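Subject: A structure for you to look at

Hello,

Here is the structure I promised to pass on. Please open it next to this message, and then read on for what turned up in it.

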Amino acid sequence: MKSLNAEVIKQEHLIEDIYSMWIKAPGLASDAHGGQFVNLYTDDASKLLPRPISICEVNKEDDALRLVYRTVGEGTKQFSKLSSGDTIRLVGPVGNGYTVFSERPVLLGGGIGIPPMLELAKEFSRRGVSKENISVILGFRNETFLLEEFEKVATVYISSDTGNVGIKGNVIDAAVHFDVKGDALYSCGPKPMLRAVKSYSEKCGVPAYISLEERMACGIGACLACVTCTCDIDDHSKVKNKRICVDGPVFDAQEVEL
């Protein structure tokens, strides 16, 4: 992990409360990959704790990261006001991301768990997996975002809460409806969705790798505020849990209790 004051390259308002921000992160972007995140700090002295934001895209040639995030509180609202040339303090990349090994991956993203799936899809593409063999299932509320970027590197299927886009339902409903097949599942989203992905992977007899979303405090593994129950005893805490921030956020679905 590195700490630096990163320069904002550009920021866009995508839909509703979703924003996209490209930042210059020399010495950090080169180490980043899909599934990891960065901790962003505000300039407000009353807000000491960082906000963890998933990495959406990595441009190693330009030392740049793309962060796509939702404004949910005062901290992220402050981030949304930044523009080109502004600076922001960050620490990263944090955590263990996805391991890219599958030949027919199925990526499932829901809500603000959609952005990290983009860098993962691009990593599979750069590894030589064809667009036809990279299946991405996205679950939206009622409006899409990042769709064009996904369609450049993957075969995309859509579901939504309202049925306004794609089929009405969740990502598992879409997987069944479109008969999506693969040799491994990769997912990020709210816990009920991840629980469904784990169950679906067991039914299909394929492994699943899930990125857990959790409120964090320090964001670097020191405070034990973000833990998840596991099947094995953790060497750090000596109990059956692991720290989502540094032991995860990506886990084998069979490793954790949801």
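In helix α5, the buried residues are M193, L194, V197, K198, Y200 and S201. Please keep in mind that this is a predicted model. Seen down the axis of α5, those buried residues fall within an arc of 165°, so they line one face of the helix. An α-helix has 3.6 residues a turn, so residues three or four places apart point the same way. The buried residues of α5 pack against β7 (105–110), α4 (171–177), β11 (184–188) and β12 (208–211). On the face turned away from the buried side you will find the exposed residues P192 and K203.

Just after α5 comes G205, with a positive phi of about 75°.

Helix α2 is worth a visit next. It runs over residues 115–127, and its buried residues are P115, P116, M117, L118, E119, L120, A121, E123 and F124. What do the buried residues of α2 pack against? Their partners are the strands β4 (51–59), β5 (64–70), β7, β8 (135–140) and β11, together with helix α3 (147–151). Just after α2, G128 takes a positive phi of about 110°.

From there, please turn to E57, which has its place in strand β4. Is E57 buried or exposed? Its relative accessible area is 9%, and under 20% counts as buried, so E57 is buried. The side chain of E57 makes a polar contact with the side chain of R66 at 2.7 Å, and another with the side chain of K122 at 2.6 Å. Leaving aside neighbours within four places in sequence, the residues in contact with E57 are W22, A64, L65, R66, L118, E119 and K122.

Not counting residues up to four places away in sequence, Q11 touches Y19, S20, M21, Y69, F79, S80, K81 and L82. For a sense of scale, Q11 and V256 are 245 residues apart in sequence, and their C-alpha atoms are 36 Å apart in space.

How many aromatic pairs does a search of the whole structure find? The search finds nine. In one of them, the rings of F140 and F145 have their centres 5.5 Å apart and their planes at 80°, so this pair is edge-to-face. Both F140 and F145 are buried. Finally, the charged end of R89 sits over the ring of Y41, 4.1 Å from the ring centre.

How values were computed:
Residues are numbered from 1 along each chain as its sequence is written. This is a predicted model: local features need pLDDT of at least 70, side-chain atom pairs count only at pLDDT 80 or more; totals for chains, interfaces and linings use all residues. Side-chain values use heavy atoms; hydrogens and water are left out. Rings of Phe, Tyr and Trp (its six-membered ring) pair if their centres lie within 6.5 Å; planes under 30 degrees apart count as stacked, over 60 as edge-to-face and the rest as tilted. Buried means under 20% relative accessible area, exposed over 50%, partly exposed in between (1.4 Å probe, protein chains only). A charge sits over a ring if NZ of Lys or CZ of Arg is within 6 Å of the ring centre and within 35 degrees of the ring normal. Helices (H or I, at least four residues) and strands (E, at least two) are DSSP runs, numbered from the N terminus. The arc is that of the directions from the helix axis to the C-beta atoms. Contact means heavy atoms within 4.5 Å. A polar contact is a pair of N or O atoms within 3.5 Å; within protein, one must be able to donate a hydrogen and the other to accept it, and residues adjacent in sequence count only if both atoms are side-chain atoms.
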